[in-house]
Amino acid sequence: MHTSVTVRPATRTDADPLIAVLAEAFHPGPLAEWLIPHPDDRRTVYHRYFTDAFHHGLAHGQVYTTGDQTAVTIWYPRPTPTPTDNPRRVEELEGIAGAYAPKFVLLEEMFDAFHPDQPHHYLAYAAVDPRRQNRGIGTALLTDYHRRLDQLGMPAYLEASNLHNRRLYLRHDYTAGPTIALPTAGPPIWRMWRGAPTGSGRTLFPPTRPRRRSL
Ligand SMILES: CC(C)(COP(=O)(O)OP(=O)(O)OC[C@H]1O[C@@H](n2cnc3c(N)ncnc32)[C@H](O)[C@@H]1OP(=O)(O)O)[C@@H](O)C(=O)NCCC(=O)NCCS
């Protein structure tokens, strides 16, 4: 762990810098290019998308940042299976992403459909300011939260959108399950599970079964 990183819960006063961190960190990469090929459009939509994600995280999840506001994680404790159908979500995504909404809807539906039913905490977003990446800040945030999960005996779940992240999470005791294959030439998404600690290791990746018949 990076010794100079302090981790603390985020509040509304962190909104502007942390929404910028989220939008900038997620701007490059195969998933971003699939969602919105044009970089300028992506910048505009991502700012709206992550404004919504940040405030949703504060209201319904657990949001953490660093003392210098250069990184953010948004976690959702999911002690019971979450209902997948939010009738307002399509409308919300149309307001956020306009013409690009169909792919966001598809992505969120796929993520929901393959979400494990077992109790866990879901890491929806982890982002470090691109100018500060590869210095151990992401590792510090993850380590801090994982320590609490291990004390609770609680697993963690996330979707990794590229091989670099997948490698990072493997080092944090996640195992990779079957990928989610997005249609229309979307990139592979790796489902990853960090089991609860047992005497001899960690609990195994739960069996996968799509939660919606249509997918
Ligand atoms: C994924 C992300 C959150 C990781 O945060 P980070 O601060 O860059 O991660 P870390 O620095 O802790 O670890 C990344 C690399 O730095 C190395 N590293 C760790 N501690 C380090 C330190 N103190 N000094 C230098 N390098 C370090 C790690 O070994 C790792 O190397 P790798 O390339 O072999 O994987 C960040 O890169 C990011 O925001 N990416 C874009 C958004 C994204 O994809 N988020 C995840 C969605 S699944």
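Colleague: How near do the axes of H1 and H3 come, and at what angle do they cross?

Modeller: This is a predicted model, and the account that follows describes it as such. The axes of H1 and H3 come within 9 Å and cross at roughly 125 degrees. H1 is therefore oblique to H3, and the crossing is right-handed. On the side of H1, the contact is made by Ala15, Leu18, Ile19, Leu22 and Ala23, and on the side of H3 by Tyr46, His47, Phe50, Thr51, Ala53 and Phe54. Sorted by class, the residues of this contact are 9 nonpolar and 2 polar, with no charged residue.

Let us now turn to H3 itself. Helix H3 covers residues 39-60, which is 22 residues. From its first C-alpha to its last, H3 reaches 30 Å, close to the 32 Å expected at 1.5 Å a residue. Its buried residues are Arg42, Val45, Tyr46, Tyr49, Phe50, Ala53, Phe54 and Gly57. The cover over these buried residues of H3 includes helix H1 (15-25), helix H2 (30-35) and H4, together with strands E2 (62-66), E3 (71-78) and E4 (120-128).

Tyr49 lies in helix H3. Tyr49 counts as buried because it has 22 C-beta neighbours inside 10 Å, and the cut-off for a buried residue is 20 or more. Leaving aside residues up to four places away in sequence, Tyr49 touches Ile96 and Ala97. Tyr49 and Ala23 are 26 residues apart in sequence, yet their C-alpha atoms are 8.2 Å apart in space. Ala23 is also one of the H1 residues in the contact with H3.

The axes of H4 (residues 89-97) and H5 (residues 101-113) come within 8 Å and cross at roughly 135 degrees. H4 and H5 are therefore oblique to each other, and H4 passes H5 in a right-handed crossing. The residues of the contact of H4 with H5 comprise 6 nonpolar and 3 charged, with no polar residue.

Methods: Residues are numbered from 1 along each chain as its sequence is written. This is a predicted model: local features need pLDDT of at least 70, side-chain atom pairs count only at pLDDT 80 or more; totals for chains, interfaces and linings use all residues. Axes are lines fitted to C-alpha atoms, for helices over the stretch in contact, and angles run from 0 to 180 degrees between N-to-C directions. Helices (H or I, at least four residues) and strands (E, at least two) are DSSP runs, numbered from the N terminus. Angles under 35 degrees count as roughly parallel, over 145 as roughly antiparallel, 65 to 115 as roughly perpendicular and the rest as oblique. A crossing is left-handed if the near helix is turned anticlockwise from the far one by less than a right angle, and right-handed if clockwise. Ala, Val, Leu, Ile, Met, Phe, Trp, Tyr, Cys and Pro count as nonpolar, Asp, Glu, Lys and Arg as charged, and the others, Gly among them, as polar. The expected span of a helix is 1.5 Å times one less than its number of residues. A residue is buried if 20 or more other C-beta atoms lie within 10 Å of its own, exposed if 12 or fewer, and partly exposed in between; C-beta atoms are placed from the backbone. Two residues are in contact if their C-beta atoms, placed from the backbone, lie within 7 Å.
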